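Please look at the chain below before reading the points. They are written for someone new to structures of this kind.

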Amino acid sequence: MPLGLYTKAIVRRPSASFVNGLTRSELGPPDMELALAQHRTYVGALEDCNLMVQELEAKEEFPDSTFIEDTAVMFPDFALITRPGAESRRGEVELMKRLFGRIGFPCETIDSGTLDGGDVIVLDDHVYIGLSKRTNSGGARTFGRILDNHGYKWTVVPIPNEALHLREVVNYIGNRILVCAPSMAMRNELESFDKLIVPDDEAHCANMLAIGDNVLIPMGAPKTLKKLSRMNYKRIIELDISEFQKMDGGLTCLSLRS
Ligand code: CIR
């Protein structure tokens, strides 16, 4: 897939049970009305970037299911169904299997170890797999075998303890540039890329989302915003996702792009 040139996105509306989801941040419980409004704005931003957005219904039994990125990884000719590292999220993948089953889109499945979609970055024919608290080496190896069969190269990238997922600290933003938290800037596995290193006090914005020549960035990162404005993006869209940050979520994890 050409890098960042998505045409579609799948999102899942947050459920009323969202407040009971997993979180390590100590930012207090999310305000549901605001979360729903922020989610609508997020969907609108994806549509402004010309993506066709499929909105799935909220699932009360899965408080974290709005973080749909963790449940699957999209490839042009198949979807990888993950095996989330958090027990409470394991069942979310059945919803995705059914979704792809209904439209007859081929699926591969992680059947041993654990792997969250938030630990995966697909760059053309090369896949980067973060080793995290959620993705273990068994899950990475299982995924690696699937990738071998489909002709992809893959590289495992350990992430720091304090991060939840690879995409919390690294994202691809076009033109061979990775946006990185300082902790990831020197990793050998990523040395062939140019880097936009975000400052420590703007670490949350390493989770930005490039879509074609647009880039979505979370609010509260003025220094990074200034740097981005000197790059060649058509549009930089700042989004307030405070209620999702309270539940350890960011911009990328709210959608599955393809
Ligand atoms: C969780 O702990 O699984 C959710 N509360 C947050 C998941 C965020 N996912 C992501 O960044 N890919």
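1. Basis. This is a predicted model, in which local features need pLDDT of at least 70 and side-chain atom pairs count only at pLDDT 80 or more, while totals for chains, interfaces and linings use all residues. Residues are numbered from 1 along each chain as its sequence is written, and side-chain values use heavy atoms, with hydrogens and water left out.

2. Terms for the sheets. Helices (H or I, at least four residues) and strands (E, at least two) are DSSP runs, numbered from the N terminus. Two strands pair if DSSP finds at least two bridges between them. In general, strands of a sheet pair through backbone hydrogen bonds, either parallel or antiparallel.

3. Three strands form an open sheet in the order S2-S1-S15, and the pairing is mixed. Strand S1 (residues 8–12) runs parallel to S2, and five bridges join them. Lys 8 faces Met 52 of S2.

4. Helices on that sheet. Helix H1 (residues 32–48) lies across S1 and S2, at about 175° to S1. Helix H2 (residues 92–103) packs on the sheet as well, touching S1, S2 and S15, and its direction makes about 140° with that of S1. Contact here means heavy atoms within 4.5 Å. Axes are lines fitted to C-alpha atoms, for helices over the stretch in contact, and angles run from 0 to 180 degrees between N-to-C directions.

5. Another sheet. Strands S12, S13 and S14 make an open sheet in the order S12-S13-S14, again with mixed pairing. The edges are S12 (209–211) and S14 (235–239). Neighbouring strands are turned by 20° against each other on average, direction ignored. Strand S13 (residues 214–218) pairs with S14 in the parallel sense over five bridges, and Asn 214 has Arg 235 as its bridge partner in S14. H1 packs on this sheet, touching S12, S13 and S14, and makes about 170° with the direction of S14.

6. Polar contacts (pairs of N or O atoms within 3.5 Å). A polar side-chain atom of Arg 89 lies 2.8 Å from a ligand oxygen atom. For Met 247, a backbone N or O atom is 2.8 Å from a ligand nitrogen atom.

Methods. A polar contact is a pair of N or O atoms within 3.5 Å; within protein, one must be able to donate a hydrogen and the other to accept it, and residues adjacent in sequence count only if both atoms are side-chain atoms.
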